[in-house]
Amino acid sequence: MRPSLLWTACLLAAATSLPITAAEKRDADEEAWIAARDAGATAGFKAYLKEFPKGRHAAAARVKLAILGDASGAQPATSNAATTAPAKSVVPKATAVTRPHLPFELSDDVWNAIEKSDLVRATYPRKTIEIAYTDVTDSDFAKLHVQTNQVVNKRIVPLPDAQGYQEVEQRQEISWTNSNGGRGAPQTTSSRNYFLGGILDLGAVNAEGGAIGRLSKIHEIQGSLYPLHVGAEISLRYDYEYVQNHDYNSSVATKCRIIAKVAASTLSPQLPGDAWQLSCQTTTVMNGKTNEAASDKQYIVGDWGVTYHQLGILDLTKKTMVVPDGRYQYKFMTSMHTIDGYRITARD
């Protein structure tokens with residue numbers, strides 16, 4: 001399975017309703033966007049932005065131009081200090097930039113782009129986070145009731161040889177029983193993902209150390225979310241190679257901005273300190289198909305330097321991440337999931 005791209009939970013926010021007097025203009029906006037999108041060329045997106053610089057799809061058009069390598073659709077500068085990204089000078093500079101030891105190769109071009117960025121020079125919390133839980137799934141197949149037990153252990157560990165890099169290791173032991181007396185022997189799987197700043201997915205390996213996927217090219221790294229503060233922004237454009245099946249190779253353009261600070265306990269009683277809410281927009285091109293995603297439901301847990309997405313589980317019914325408190329249940333299609341004993345441990 002393709003390693004998760006942390007920022008694919010991101011936005012292109014749904015447009016607010018326009019007044020009825022603007023209905024005609026709204027229709028023209030939509031028709032212009034459909035024409036530009038179907039053409040899929042820079043000229044079409046530029047034409048859309050020229051006619052509708054603040055249109056419903058202006059953000060998407062700029063992302064499309066960025067993916068196509070044309071920066072002329074960039075958002076015009078604004079004099080409003082509340083919405084202007086902070087100057088790069090606020091990002092603390094490390095005395096040296098060190099490449100971590102990874103179990104796969106990245107090109108010198110990728111490393112050079114990383115080493116020139118503010119993302120690699122920011123200061124991050126260095127916490128080791130351990131997560132453990134059991135996911136019990138009850139399902140009915142034909143005349144059999146099947147119960148599957150999945151014991152999950154996850155560790156998020158800062159790499160010791162370089163600032164800001166993380167290894168996310170996940171191990172799963174899966175077994176099953178059915179109402180006819182059948183029983184499946186426990187099977188163990190594991191994988192390790194590597195991130196810079198909890199944001200940029202560098203790649204992943206399987207239990208045997210074989211590469212699953214890796215970052216193949218960086219087109220842009222602008223800004224950093226650290227030090228954490230409202231208004232901090234980051235913009236990324238990169239290509240990701242899926243080593244075992246090139247059908248999953250993808251180009252990603254994503255932009256995230258911190259929009260609020262909340263008590264982390266409002267997300268889960270297990271989380272300390274503050275959490276920083278992100279508004280993100282992402283466009284992913286895979287196998288010739290374009291997917292646009294938008295979200296303002298992502299958070300960074302400030303005391304730990306990890307994201308809510310890394311800590312939680314995906315509730316398939318609500319299509320959202322949750323950090324369960326002890327026991328948690330939800331029904332997905334014909335199965336019932338029970339999350340037992342969910343606990344998070346943090347240490348220096």
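The model is predicted, so local features need pLDDT of at least 70 and side-chain atom pairs count only at pLDDT 80 or more, while totals for chains, interfaces and linings use all residues. Residues are numbered from 1 along each chain as its sequence is written, and side-chain values use heavy atoms, without hydrogens or water.

**Confidence**

pLDDT is the predictor's confidence in each residue, from 0 to 100. Its mean over the chain is 82, and 83% of the residues reach 70 or more. Helix H1 (residues 23-39) has the lowest confidence, at a mean of 67, and E7 the highest, at 96. Over residues 1-26 the pLDDT is below 50, yet this stretch has 73 contacts beyond near neighbours in sequence. Contact means heavy atoms within 4.5 Å. Residues 74-95 also stay under 50, with 28 contacts beyond four places in sequence.

**Overall fold**

The chain has six helices and 15 strands. These are DSSP runs, numbered from the N terminus: helices (H or I) of at least four residues, strands (E) of at least two. Of the 348 residues, 45% count as buried. Buried means under 20% relative accessible area, exposed over 50%, and partly exposed in between (1.4 Å probe, protein chains only). Among contacts between residues at least 6 apart in sequence, 58% join residues at least 24 apart.

**Strand pairing**

Two strands pair if DSSP finds at least two bridges between them. Strand E15 (residues 335-347) runs antiparallel to strand E1 (residues 128-141), joined by 10 bridges. Glu130 has Thr345 in E15 as its bridge partner. E15 also pairs with strand E14 (residues 326-332), in the antiparallel sense over six bridges. There, Tyr330 stands opposite His337. The hairpin of E14 and E15 has two residues between the strands, and Met333 takes a positive phi near 55 degrees.

**Nonpolar cores**

A nonpolar core is a set of buried Ala, Val, Leu, Ile, Met, Phe, Trp, Tyr and Cys residues joined through side-chain atoms within 4.5 Å. The largest has 37 residues; Ile114, Tyr165, Leu200, Leu202 and Leu225 touch the most other members. Elements giving two or more residues to this core include H4, E4 and strand E6 (211-223). E6 gives the most, with four residues. Leaving out residues up to four places away in sequence, Ile114 touches Val120, Tyr165, Leu196, Leu200, Leu202, Ile218 and Ile221. A second, separate core of 26 residues includes Ile156, Val301, Val306 and Ile344.

**Aromatic pairs**

Rings of Phe, Tyr and Trp (its six-membered ring) pair if their centres lie within 6.5 Å; planes under 30 degrees apart count as stacked, over 60 as edge-to-face and the rest as tilted. The count comes to seven aromatic pairs.

What does the pair of Phe104 and Tyr194 tie together? Phe104 lies in the loop between helix H3 (58-67) and helix H4 (108-115), and Tyr194 in strand E4 (residues 183-196), so the pair ties together parts that are 90 residues apart in sequence. Both Phe104 and Tyr194 are buried. Tyr299 and Tyr308 are buried too.
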